[in-house]
Amino acid sequence: MNAGPAAGAPARHVPRDRLVLLAVLAAAWLAGLYPRVVELPLWANPLLAVDGEPLMATHDAYAWLAGARGVGIGAGSAMSGCIAWAAGLFGVSPGQAAFWIPALAAPLVGVAAALWAWTLAGPAAALGAGMLAASAPGFLQRTRLGFCDTDIATLLFPLAQCWLLAHWLDPWLRRPGRRESAAPEGQPGVLPPLLAGLAMALGGGQWHPRIADYAAGALWLAAGLALAAARPGARARLLAGLAVCGLTAFGGLPGLAAALALAGLLLAGTDRTLPAPWRPWAAAALLAAALAWTPQLPTLAQRANTLATAYSRPQVEQRAPQGTPAATALYPGVTQSVIEARSAPLAEAMARIAPRAWIAWVGLAGFAVVAALRPVALLLAPLALAVFFGPALGTRVTMFGGPAVALGLAVPLAWGLGRLTRGRPWRSAALLGAQALLAGVLLVPVHQAASALRPSPALTAQQARALKALGTLAEPGASLWTWWDWGYAAQYYAGLPTFADGARHGGQTLYPLALVMTTPLPRQARQMMQYAALRDMRPWETFDRRSAAEVREFIASLGAARYDLRAAPPQYLLTTWEAVRLAHWITYYGTWDVTTGKGVHGSHIRLGRYALDGEAGVLTPEGEAPLALRSAEELGATGRSLRTYERGHGPHLLVNRPAGQAVLLDDLTYNGMLVRLLLCAPDDPEIAEHFSLVYEGFPLVRVWRAKREEAPRPEPEGTPEG
């Protein structure tokens, strides 16, 4: 692999520069590690672990943990395989491996950014860029202890793969605005693009589909740079090298065989037997054949249009036109109920890639300068542009701009200071010192913010224990109903398939799930669960063959008519106190009208300080007006005490002592199955007719089994056709 800018230094300095680079890479990794492990002592709390295994800090981590068990969408995935491999290597459980992986692997983003800076401006720039890149606030938030998700791969892999290409390509490209320096000796090598192609193949779509898209886009960009800016005499070999990369990355085993054959021909100098004018054309033909293997990417205009229509003005509701009945069932949109996908102001997006928004702007401007002077940096332009999609796609995508900002700050500083100190004996020390100062100043607020962070498990230990217990109690062929946020965790701990999860939470899925949790009718909840089970957990496929009015009528009938659903496999329902806080959205989806496209938001208000007159049923939140209650209920580990008041209106007060919380609920939320099954007596006749309690964790978590009606009743039986 050809050297970066350091290759222009006298030969006696090359080993020293390489040692400096190794030290810088180590510093970049350590700088990214520290803010990710600073909260480690707080994880010693026994409430944050189950059977010695820490809880995960993000719901998606459980998709990969469940996959390591062979359950759910993660089964057979590269991420789940990585967790299983790490667990076996270090002799720990998959959960313990997944807990540490993000903190140890995410700082490698700093290493990759440091290598980019080394290519562009030498080892000194690598120090600043490497220390800053892995600590961009948005990326840091999502790659702490327990945040084991593909965020690591989706940023690290494109950054590293593109660096392999860039480091090979850069010396052979003309640089705008500069007198051409002497061209490197010889011809562009073949091994670097082959390695880049292998990196793209091994770290591609099996980790995340967008990684493969990025790699394909980078290859197209590199081809454009080679065509437009290659040094004299280098174009043909650059295009041929990119053909090697493309065949390796996207051609599978046949492509790899073709790439190795092409690389062998290039190493043997076979291309030189062609007349010089023909070589670029022959190489271009080879590259065109290689690019034909790349995934088909939407054009920028198509993607921008998709973003604009799907995200820029997201619609939570899907309604029929005024006065026009819907022909088929309408389902709710879900984008704005997903925290990561909520639109965010640009200022907030900027604050997620640098300690201050203005620093992010300076870094992006600096990156534009770097790309203008060193076109090879354009391979990272999509990462910089991702920041501006934050207001449309949500704050999660903004984290991809961190390396671009780090390079935009560190590389221009190295260039400018390098010119000022040229020829000085203390030049290297000054360059390193300036970069260390830059990183140190900017990392102070990042580390302060990291020190204030607290563990935030994706579920409670009580919930995890309930799921593990269910895994031993559940009958063969059973499925579990829980709100989609906890679907992956349920798959991991219980080993059961779930009706919804992080990959299956579209409106057509959430509507029946939320109906089960929102309806006040136990029969409707049970029959919806069993009806869905008889439809392979895809009841909407039957709904979509009928009119919206017929679907609404059938769903309403589930609460009154008796259907013969005895053939349904066992169905379990998890109710938790944690899910009650999501009542605003659960009730909205659960009251959805498939004919009009409207739903009703239930109320859930978390209380701070308050005064309660239990006799009169009057609650006075601190600093607010008194509220007349309809009921007041205190929940303890051993039972509940309930007071009702003769009023036709008013909120319901729930004081959950084990959870240390008090909330106000409206009738819609309070009377729904989510709350009712969490609080009711297990032998409540109306409940016991349809559900049986199989796990008791009152008042935090319960698991119910939907009962089968084994014997026919006197009233006529319906059919489950809907």
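Predicted model: local features only at pLDDT ≥ 70, side-chain atom pairs only at ≥ 80, totals over all residues.
Student: Are H2 and H22 roughly parallel or antiparallel, then?

Tutor: Take the angle of about 30° between H2 and H22. Angles under 35 degrees count as roughly parallel. H2 and H22 are therefore roughly parallel.

Student: Is the crossing of H2 and H22 left-handed or right-handed, and which residues of H22 make the contact?

Tutor: H2 passes H22 in a left-handed crossing. On the H2 side, the contact uses Tyr62, Ala63, Leu65 and Ala66. From H22 come Tyr488, Ala489, Gln491, Tyr492 and Tyr493.

Student: How many nonpolar residues does the contact of H2 with H22 have?

Tutor: Sorted by class, the contact of H2 with H22 has no charged residues. One residue there is polar. The nonpolar ones number eight.

Student: On to H6 and H20: why are they roughly parallel to each other?

Tutor: Helix H6 is residues 123-133 and helix H20 is residues 427-451, with axes that come within 8 Å. The cut-off for roughly parallel is an angle under 35 degrees. H6 and H20 are therefore roughly parallel, since their axes cross at roughly 10°.

Student: What does H6 meet in H20?

Tutor: H6 brings Pro123, Ala124, Ala125, Leu127, Gly128, Ala129, Met131 and Leu132. By class, the contact of H6 with H20 has 14 nonpolar, two polar and no charged residues. The H20 partners are Leu431, Leu432, Gln435, Ala436, Leu438, Ala439, Leu442 and Leu443.

Student: H6 also packs with H5. Are H5 and H6 roughly parallel or antiparallel?

Tutor: Helix H5 (residues 108-121) and H6 have axes that come within 7 Å and cross at roughly 150°. Angles over 145 degrees count as roughly antiparallel. H5 and H6 are therefore roughly antiparallel.

Student: Is the crossing of H5 and H6 left-handed or right-handed?

Tutor: The contact is made by Val109, Gly110, Ala113, Ala114, Ala117, Trp118 and Ala121 of H5 with Pro123, Ala125, Ala126, Ala129, Gly130 and Ala133 of H6. By class, that contact of H5 with H6 has 11 nonpolar, two polar and no charged residues. The crossing is right-handed.

Student: How many aromatic pairs turn up in the whole structure, and where is Phe99?

Tutor: The search finds 18 aromatic pairs. Trp43 and Phe99 form an edge-to-face pair, 5.0 Å centre to centre with 75° between the planes. Trp43 is in the loop between H1 and S1, and the two residues are 56 residues apart. Phe99 is in helix H4.

Student: What is phi of Asp51 near?

Tutor: Asp51 is found in the loop between S1 and S2. Its phi is positive, in a residue other than glycine. The value is near 55°.

Student: Where does pLDDT stay under 50?

Tutor: The protein averages a pLDDT of 87, and 87% of the residues score at least 70. One stretch under 50 is residues 1-12, for which the model has 24 contacts beyond four places in sequence. Another stretch below 50 has 32 contacts beyond near neighbours in sequence, and it is residues 309-323.

Definitions and conventions: Residues numbered from 1 in each chain as written. Heavy atoms only, no water. pLDDT = per-residue confidence, 0-100. Contact = heavy atoms within 4.5 Å. Axes fitted to C-alpha atoms, helices over the stretch in contact; angles between N-to-C directions. Helix = DSSP H or I, 4+ residues; strand = E, 2+ residues; numbered from the N terminus. Parallel < 35°, antiparallel > 145°, perpendicular 65-115°, else oblique. Left-handed = near helix turned anticlockwise from the far one by under 90°. Nonpolar A, V, L, I, M, F, W, Y, C, P; charged D, E, K, R; others polar. Phe/Tyr/Trp six-rings, centres within 6.5 Å; stacked < 30°, edge-to-face > 60°.
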